[in-house]
Amino acid sequence: MAAQVPPDLTHAEVTQGDIAVATALAGGVRLDHMPSRLLALSGAVLLSFLVVSAESLHAQSDVVAVTDAMLQSPEADDWLMWRRTLDGWGYSPLDQIDRSNVADLKMVWSRGIADGSNQGTPLVYDGVMYMPNPSDRIQAIDAVTGDLRWEYQRTLPDDLTDRLGRALSQINRNIAIFGDTIIDTSGDTHVFALDIATGTLRWETEILDYRTHPAHQSSGPIIADGKIISGRGCMPEAGPDACVITAHDARTGEELWRRRTIPRPGEPGDETWGDVPDEERRHVGAWMVPSYDPELGLIYIGTSVTSPAPKFWIGGVENTHLYHNSTLALDVNTGEIVWHYQHLNDHWDLDHPFERLLVDTVVAPAPDAVEWINPRLQPGERRRVVTGIPGKTGVVYTLDRETGEFLWAKPTVSQNVIASIDGATGAVAVNSEVVFTAAGQEVMTCPVWQGGKDWEAGAYSPETNLMYMPLRHTCGRVMASDNGTWYDLTVRTEITPGEAMLGTIQAISAETGETVWTHSQEAFTMSLVATGGGLVFGGDSNGRFKALDHETGEILWEINIGSPVTGFPVTYAVDGRQYVAVSTGYSLNTSALARLNPHHRPSRGNTLFVFALPEG
Ligand SMILES: [Ca+2]
Ligand SMILES: [Ca+2]
């Protein structure tokens with residue numbers, strides 16, 4: 001675990017109190033959030049203004065309420081959710097910054113953000129950036145100037161980190177927007193909504209009691225058909241009832257459904273746990289952010305490994321322990337599992353919760369580039385697929401997203417945990433040579449728990465039909481050691497033998513599966529965004545933030561921003577000017593992998609940076 005800095009709650013309480021006072025004084029008067037529009041306000045309104053703080057002046061709003069239609073087809077200028085769109089692409093059509101001018105990019109503002117493990121994604125709507133900081137601090141920032149509008153800090157229980165550990169309870173990857181509220185899930189496993197104009201708490205709903213059912217809420221929700229859809233990691237001691245995906249009414253916070261990731265006794269899949277009692281079925285989390293197809297009404301979300309990971313300890317290696325390391329397609333209205341696909345029977349903590357890319361494409365996997373292909377595929381067939389790299393193995397899987405039918409799969413970085421996949425059925429056969437059967441056994445696996453791929457997200461561009469994936473070359477000695485840790489594993493990570501460098505980005509065709517270009521580097525690569533300007537932006541563990549040509553992978557611009565680029569990059573526009581934003585910090589991965597490149601000495605500061613082309 002990384003060394004951690006305690007959350008700064010003192011500052012937070014003061015800030016929250018100030019906002020509450022300012023809001024009470026404002027008396028519910030609706031004022032515009034854009035300074036340029038303040039000129040239109042009446043004298044009476046301006047008078048009431050004078051008694052509130054300068055900060056709350058900017059906190060009033062007549063923001064247009066965000067609807068499902070807007071979330072399903074967002075304005076190019078905005079970035080309204082984790083990957084901008086519900087299909088998980090991490091793509092913006094903005095094209096002012098392009099391959100011909102990106103070398104002129106300059107920093108236009110920066111701002112420090114709260115202490116803690118930062119993996120935040122800015123949300124941008126109508127010229128205002130809403131930034132999730134660690135430990136459930138959310139800031140509204142003028143997206144042009146970087147000036148603070150309001151700040152909310154959730155008061156977290158004193159004993160929270162005793163239950164959940166510090167690192168994972170701090171992470172605040174993403175927030176959502178609906179109506180006139182900003183919506184997030186909290187370290188103490190509530191879902192809550194803030195007034196978009198003031199940052200005051202509008203409502204909150206407990207999902208799980210962190211004292212009896214501790215769960216990690218490192219990721220936030222998406223909004224699908226007016227519902228807040230969120231997953232979570234579940235502590236082993238919390239049992240199966242903490243391992244849930246939930247839906248809440250985005251207007252009221254009322255819970256609509258919850259779906260366990262582990263079948264209940266008597267449900268389909270119960271038998272896949274053998275004779276393991278229900279209360280000992282543990283830790284199958286869904287700790288990343290789902291995708292959503294509004295036409296099919298299906299949520300796509302991935303799951304992670306069991307605790308312990310070696311299956312001989314929990315009912316035997318012949319059992320599949322559903323629904324760990326699976327893609328689940330859930331009915332948005334009921335949470336019913338419409339189909340599932342298990343990517344790996346996992347003995348090594350190779351989770352599969354990452355971004356699902358929803359793409360409509362010709363499916364024509366090239367036999368010389370793709371290991372495993374469904375023999376029923378017809379040449380030139382067009383399908384609605386869910387694709388991408390869902391898990392730490394780095395394997396690309398393409399499934400029909402209506403039915404879950406396996407279409408094709410291929411490894412990217414070296415992997416030795418999958419022996420083969422049956423193209424006709426999609427059934428995955430693990431490599432028996434690396435499956436543990438007794439305590440004390442040690443095997444060499446590729447990758448190890450840092451991936452391959454991890455939570456750092458890849459992007460997809462509809463212009464190239466390529467997916468861009470941040471990957472790393474890791475292997476390691478893994479021992480089944482009954483050591484009382486979550487997984488009962490001991491792991492020693494190294495750079496994959498035969499590879500000169502840890503980091504890589506690979507551009508892979510969603511149509512053919514061919515790897516069109518590969519970028520290699522020492523530092524490991526982090527989250528990516530693709531743009532209409534023909535660019536892929538992304539950073540690395542050594543503080544470099546770069547723009548690559550989306551067709552060739554050539555580096556067209558690079559800057560050292562000092563610390564690992566742990567935040568998710570986004571791009572947005574205000575008044576015709578395009579901006580690129582990204583944040584730095586540290587994560588479990590930056591700590592765990594630092595010794596593989598010991599000559600890299602980045603700092604560890606949590607800072608938000610925004611770039612644009614020079615004006616005029
Ligand atoms: Ca959160
Ligand atoms: Ca895990």
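A nonpolar core, as used here, is a set of buried Ala, Val, Leu, Ile, Met, Phe, Trp, Tyr and Cys residues joined through C-beta atoms within 7 Å. With that in hand, here are the close-ups, all taken from a predicted model.

**Figure 1. The largest nonpolar core, with Ile183, Ile222 and Tyr468 picked out.** This core has 159 residues, and these three touch the most other members. Zoom in on Ile222 and, once you set aside neighbours within four places in sequence, you find it in contact with Met81, Trp82, Leu86, Ala176, Ile229, Val289, Pro290 and Tyr292. Another core, this one of 6 residues, lies apart from the largest one; among its members are Ala523, Phe524, Leu593 and Leu596.

**Figure 2. An open sheet of 4 strands.** Read across, the order is β12-β13-β15-β16, and the pairing is antiparallel. The edges belong to β12 (222-224) and β16 (255-260), each of which pairs on one side only. Ignoring direction, neighbouring strands in this sheet are turned by 25° against each other on average. Ile222, the residue from Figure 1, sits in the stretch 222-224 that makes up β12.

**Figure 3. Inside that sheet: β13 against β15.** Here residues 227-230 (β13) and residues 244-249 (β15) pair up in the antiparallel sense, with 4 bridges between them. To find your bearings, look for Ser230, whose bridge partner in β15 is Thr246.

**Figure 4. The β19-β20 hairpin.** Strand β19 (residues 326-331) runs antiparallel to strand β20 (residues 337-342), and 5 bridges join the two. The hairpin has 5 residues between its strands, and Gly335, in the turn, has a positive phi of about 80°.

**Figure 5. Pro602, a buried loop residue.** Pro602 belongs to the loop between α7 (588-592) and β41 (607-612). It counts as buried because it has 22 C-beta neighbours inside 10 Å, and 20 or more are needed for that label. Apart from neighbours within four places in sequence, Pro602 is in contact with Asn542, Gly543, Gly562, Ser563 and Pro564. Take Pro564: along the chain it is 38 residues from Pro602, yet the two C-alpha atoms are separated by 6.8 Å.

**Figure 6. Confidence along the protein chain.** The mean pLDDT is 91, and 90% of the residues reach 70 or more. Residues 1-60 are another story, with pLDDT below 50; in the model, this stretch has 83 contacts beyond near neighbours in sequence.

Note on methods: Residues numbered from 1 in each chain as written. Chains lettered and ligands numbered in written order. Predicted model: local features only at pLDDT ≥ 70, side-chain atom pairs only at ≥ 80, totals over all residues. Pairing = 2+ DSSP bridges. Axes fitted to C-alpha atoms, helices over the stretch in contact; angles between N-to-C directions. Buried ≥ 20, exposed ≤ 12 C-beta atoms within 10 Å, placed from the backbone. Contact = placed C-beta atoms within 7 Å. pLDDT = per-residue confidence, 0-100.
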